[in-house]
Amino acid sequence: MRFLQGLYESCFIFITFATFVHSVNYASCDEEAVFEIVNKGELPQEDVISSYSVNSWLDCGGKCLENTECVTFSHLDELHSVHHINCKMASTRSEFVIIGDEMWTTYEIRSTGLEICSTQHPCLNNGRCVRNSCEPEGYMCICSESHHGRHCENKNDSYNFDVVFASQLATERSYIEVDNMIISDLTEFTFSTWFKISIGLYKYYLLSHTTADNVAGNLEFCFKSGSDERAPVNKIFVTLLQSTYSAHMPPVDDNVWHHLGIRWDNTMGSMDILIDGTPWYINDNIRKDNVIPIGGKFVIGQQYIASGFEPKSGFLGQLSGMNFWNTSFPGEMLESMAQLAVHLEGNILRWSNVLGNIFGDVQVVNPSNAVNTNKGPNFELQFQNSDVHSDVNYVLSPGPEEPFHEITICLWMKTSQPAIFVSYDVECEISQTFSFGIDAAYSLYANVNGSILTSSVSDASIINNDWQYLCVVLNDNEIAFYRNQYRLDDATHTFNNYFPTGGKFRIGVAKNNGSYVNSFVGTLTCLNIWSIHLKALFINTMASGAMNINGDLLAWRNVPAQIVGNLVMIPNTEIYGAGYSLTEKRSKWCIQNVPLDCPLYARIGGDVNGDRMAWRCYCSESMHGGMHTYKSSSRSTAYETKHEELLAVVYI
């Protein structure tokens, strides 16, 4: 703060009341205001918004400048005691009253912004007009929760709108700036948002925070895809004070709404990341000397740094319900948010207040279409044996509109006999163009345009009626088979991998000489088909139970509407990944009942032999870094299989 003595002297000579000029330096601009003495000996009668004990009238004026609602301030000329209140601020011009024998001097701000507020009333829909010399016209509107915009002209509800980032061009970046609300150093936080990703970028920035001097990496939440632009988005990065923590996750660029929840506690040195209410990353070894400093600003949809924006980054898709708190909520609260069971607005970043500074191609959609999609794939289908042609029951799903050359199929199943799980055929052909299943030698195989490709591993335990997680990946002249987190072999063959358009996917039946016969008896869940080849890392990431993933050629959530005949559909399959509350409860059961001297986690996953997938109590040393499932490459035996016991632990 500075006092301009020269201006004070000249103004004092030429006007009736003494006029003073002060300025306050903020991170973004110098705010300068003129105070005029409007009364001596009395106090404003009402609308006093705050009181202080200050050293001088100059300090009192500085307090007024720091409060955008302050219109006048009064200073007591003679201080009666050290802690006596001698500075009062008011939000309006009001009548004055005498307070005993106290001699108060009242100053009023003279500014263009205040004149506009009082004469033009620019703020609509009960918005409050306050001075802000950082704005071009000297004022700003503080909107109610029901409206947003420069003048509060746009209606919104706190959770009833989405923002759509339609493009990210090199010449025009799309993002939203949010005025900083970090008014004291942060030692913990909770972040929550709904998102739906559109493909086209390498990095998808949800939120970043930069300090007043443009120091990047202060706080960032970002999704990443592989180097190939067609690679799925399946990794999350959290940057906290230039330290980055990452976790692999299921592909989320599937045109479906997902929920992200992050909690951090500096005191405990812990960070949890939840996807759709399910714990995906748990780290209790975060540095404990991290403090997010006061000041700066938030940017939604970009990483804003001094040098500009990073190429091939930003956000494409839709966001909704983004909120940020200065406290670390329990994981159960984040799970409830993912279920849309609670609606809380942040006290640091509030969704209803994010629309003030929009840049680029960002659109507002009202009402919101964000929905909890996690329950959609949580069911299983039971296929019964039948020799009667008219009793053939299966799933019929339309094929792609364009020919394809690559394919990935992943599924969870239980069976007691060899079978074909899924096939793709064109009406004019007498047999399937592609099929995937188990042959009579208990090997995984694929029929690719008449070429029979078989894994070199044969194991009868695959038909023991236990849960199996199986995948086939086809790419050019290479095919790979996966069983329970293990790649069975590397095979290079010569075959025709062209699959024409106009076909259909069929689950549970196969085409044979122009007729369809039952080909699978057992239980299936979470069967998805992609038009790209997924790498081994992606396959293993999805091995932590059936979950909210959705293939682009066939999505399991759409299967109920594609059933032909009569199939038994059972909701809430036992192999579906549990939410935070149930996972924590089952982990506590492991700690109390399993005699292993290590941190224990209840998770769905494989074992050292790859025989079956089950609920197990894993030691942390046998798991991936994020503690979401078994790490097959470790070949660790530090676990105990407790499938039935853990299924009996339910959340009430």
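Residues are numbered from 1 along each chain as its sequence is written, and side-chain values use heavy atoms, with hydrogens and water left out. Because the model is predicted, local features need pLDDT of at least 70 and side-chain atom pairs count only at pLDDT 80 or more, whereas totals for chains, interfaces and linings use all residues.

Secondary-structure elements are DSSP runs numbered from the N terminus, with helices (H or I) of at least four residues and strands (E) of at least two. A cis peptide bond, with omega of about 5°, links asparagine 366 to proline 367. Proline 367 is located in the loop between strand S28 (362-365) and strand S29 (379-383).

Positive phi values occur at histidine 121, where the angle is about 45° although the residue is not a glycine, and at tyrosine 442, also a residue other than glycine, where phi is near 65°. Histidine 121 belongs to the loop between helix H3 (112-120) and strand S10 (128-131), while tyrosine 442 belongs to the loop between strand S33 (434-438) and strand S34 (444-448). Solvent exposure was classed by relative accessible area, computed with a 1.4 Å probe on protein chains only (buried, under 20%; exposed, over 50%; partly exposed, in between). On this scale histidine 121 is exposed, at 54%, and tyrosine 442 is partly exposed, at 32%.

Grid points are joined across faces, edges and corners, and a volume is the space filled by probe spheres set on the points. Four cavities of 30 Å³ or more are present.

The largest cavity holds about 220 Å³ of space. Its lining comprises 22 residues, and Thr278, Trp280, Ser544, Met547 and Gly577 lie nearest the centre. Strand S23 (278-283) and strand S45 (600-605) are the elements that give two or more residues to this lining, and S23 supplies the largest share, three residues. Lining residues were sorted into nonpolar (Ala, Val, Leu, Ile, Met, Phe, Trp, Tyr, Cys and Pro), charged (Asp, Glu, Lys and Arg) and polar (the others, Gly among them). For the largest cavity the division is eleven nonpolar, nine polar and two charged.

The second largest cavity has a volume of about 50 Å³. Tyr442 is one of its lining residues, which also include Ser443, Asp459 and Arg483. This lining divides into five nonpolar, three polar and two charged residues.

How values were computed: 1 Å grid on protein atoms, 1.4 Å probe; cavity = no way out; pocket = protein on both sides within 12 Å on 5 of 7 lines; lining within 4 Å.
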